[in-house]
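Welcome! Open your viewer, get ready to select residues, and follow along stop by stop.

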Amino acid sequence: MRRVIFLICLVAALATADVPRPARAADLPATVTTLDLLRAAAAGDHVLLTQLLLAGADPNVVGTDWRGPLHHAVLLGRLDMATVLVRAGARVDWRDADKVTPLVLAAHGNYPEIAEYLILAGADPLIADRWGRRALDYALMRGKNDPVARMLRRAEINRPTHKNK
């Protein structure tokens with residue numbers, strides 16, 4: 001009986017070893033999908049970014065500076081790329097090495113559409129960077145009537161006291 005079971009296992013192992021299978025994103029090296037996603041985001045290549053996400057690249061991959069693709073999309077002011085990344089599961093409150101979130105970058109770069117989208121996606125406007133400044137503090141550097149500052153003030157006032165998890 002043991003010999004029969006052993007032979008069946010051996011035949012099954014040999015049969016599956018010869019079958020070629022198509023490459024999946026999980027089979028590709030990390031540099032093919034995840035690091036290329038960072039490069040595509042930093043270069044502003046929306047088409048390549050979308051293709052890599054469809055191939056299974058992780059939208060939360062970070063580089064040596066702890067910045068993710070969402071940080072790069074916000075730095076370039078690309079709402080289309082930020083939308084694709086958030087829908088793919090990118091964390092909107094991820095902090096880089098300086099504890100800067102994408103919302104802080106949107107406020108500092110004066111991108112009201114991106115800031116509004118990130119707030120609607122659940123970004124926390126009260127997170128401070130390593131210098132103790134929040135997104136509102138950066139927006140207020142342009143004046144109290146800045147559209148991003150007004151939006152962030154409303155977001156802080158209307159923010160729930162706790163996040164649902």
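**Around helix H3**

Start at Gly56: just after H3, this residue takes a positive phi of about 105°. The model is predicted, so local features need pLDDT of at least 70, side-chain atom pairs count only at pLDDT 80 or more, and totals for chains, interfaces and linings use all residues. Residues are numbered from 1 along each chain as its sequence is written, and side-chain values use heavy atoms, leaving out hydrogens and water.

Now select H3, residues 46-54 (helices are DSSP runs of H or I, at least four residues, numbered from the N terminus). Leu49, Leu52 and Leu53 are buried here (under 20% relative accessible area, with exposed over 50%, using a 1.4 Å probe and protein chains only). They cover an arc of only 100° around the axis, which puts them on the same side of H3 (the arc is taken from the directions from the helix axis to the C-beta atoms). Turn to the face away from that buried side to find exposed Val47 and Leu54.

**On to helix H9**

Next, select residues 147-157, helix H9, where Val148, Ala149, Met151, Leu152, Ala155 and Glu156 are buried. Looking down the axis of H9, you will see them within an arc of 165°, so they line one face.

Finally, zoom in on H7 and H9. Pro112, Ala115, Glu116 and Ile119 in H7 meet Val148, Met151, Leu152 and Ala155 in H9.

Note on methods:
Helices (H or I, at least four residues) and strands (E, at least two) are DSSP runs, numbered from the N terminus. Contact means heavy atoms within 4.5 Å.
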